[in-house]
Amino acid sequence: MNVLQRYFLETGDTPSKLALRIGRSPSTISRVLRGERSASTDLAIDIEAGTNGKVSARDCLAIQLDMLRGHSGSSALPVVDAQEAPATEASASASVAFSVSERAA
């Protein structure tokens, strides 16, 4: 369960009511809630304001990343060996892969 889902469960608020308060469509909030849409920085800030800070912008932005990680809670991103990955202009110039935890260290 992500922080936005927990917010709705604990407060009784709904995606439709939140969307109305922040001037967004209910489907936008629902897609973020399910991890189907990444929240833009502006949307994350609006959600933080609309929830009176109970869901921070940072938490909102992390929902999509958590979905991509499969809710593993792991701080490391998958590392792709550049020799095994298909060569493209973008991947050819990227010769070093590192995890988020290594970078933060």
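**Helix packing and a buried glycine**

Tutor: The cover over the buried residues of helix 4 includes helix 1, helix 2, helix 3 and helix 5, where helices are DSSP runs of H or I with at least four residues, numbered from the N terminus. The model is a predicted one, in which local features need pLDDT of at least 70 and side-chain atom pairs count only at pLDDT 80 or more, while totals for chains, interfaces and linings use all residues. Residues are numbered from 1 along each chain as its sequence is written, and side-chain values use heavy atoms, with hydrogens and water left out.

Student: Which residues of helix 4 are buried, and within what arc do they fall?

Tutor: Buried means under 20% relative accessible area, exposed over 50% and partly exposed in between, with a 1.4 Å probe and protein chains only. By that criterion the buried residues of helix 4 are Leu43, Ala44, Ile47 and Gly50. Seen down the axis of helix 4, with directions taken from the axis to the C-beta atoms, these residues line one face because they fall within an arc of 125°.

Student: Which exposed residues does the face of helix 4 turned away from its buried side carry?

Tutor: Helix 4 has a buried side that includes Leu43 and Ile47. The face turned away from that side carries the exposed residues Thr41, Asp42 and Ala49.

Student: At what angle do helix 4 and helix 5 pack, and how is that arrangement classed?

Tutor: With axes as lines fitted to C-alpha atoms over the stretch in contact, and angles running from 0 to 180 degrees between N-to-C directions, helix 4 and helix 5 (residues 57-68) pack at about 130°, their axes 8 Å apart. Angles under 35 degrees count as roughly parallel, over 145 as roughly antiparallel, 65 to 115 as roughly perpendicular and the rest as oblique. The angle therefore makes helix 4, relative to helix 5, oblique.

Student: Which residues of helix 5 does helix 4 meet?

Tutor: Contact means heavy atoms within 4.5 Å. From helix 4, the residues Thr41, Ala44, Ile45, Ile47 and Glu48 take part, and those they meet in helix 5 are Ala57, Cys60 and Leu61.

Student: Is glycine 35 buried or exposed?

Tutor: Glycine 35 lies in the loop between helix 3 and helix 4. Apart from neighbours within four places in sequence, glycine 35 is in contact with Ile63, Gln64 and Met67. Its relative accessibility is 12%, so glycine 35 counts as buried.

Conventions. Helices (H or I, at least four residues) and strands (E, at least two) are DSSP runs, numbered from the N terminus.
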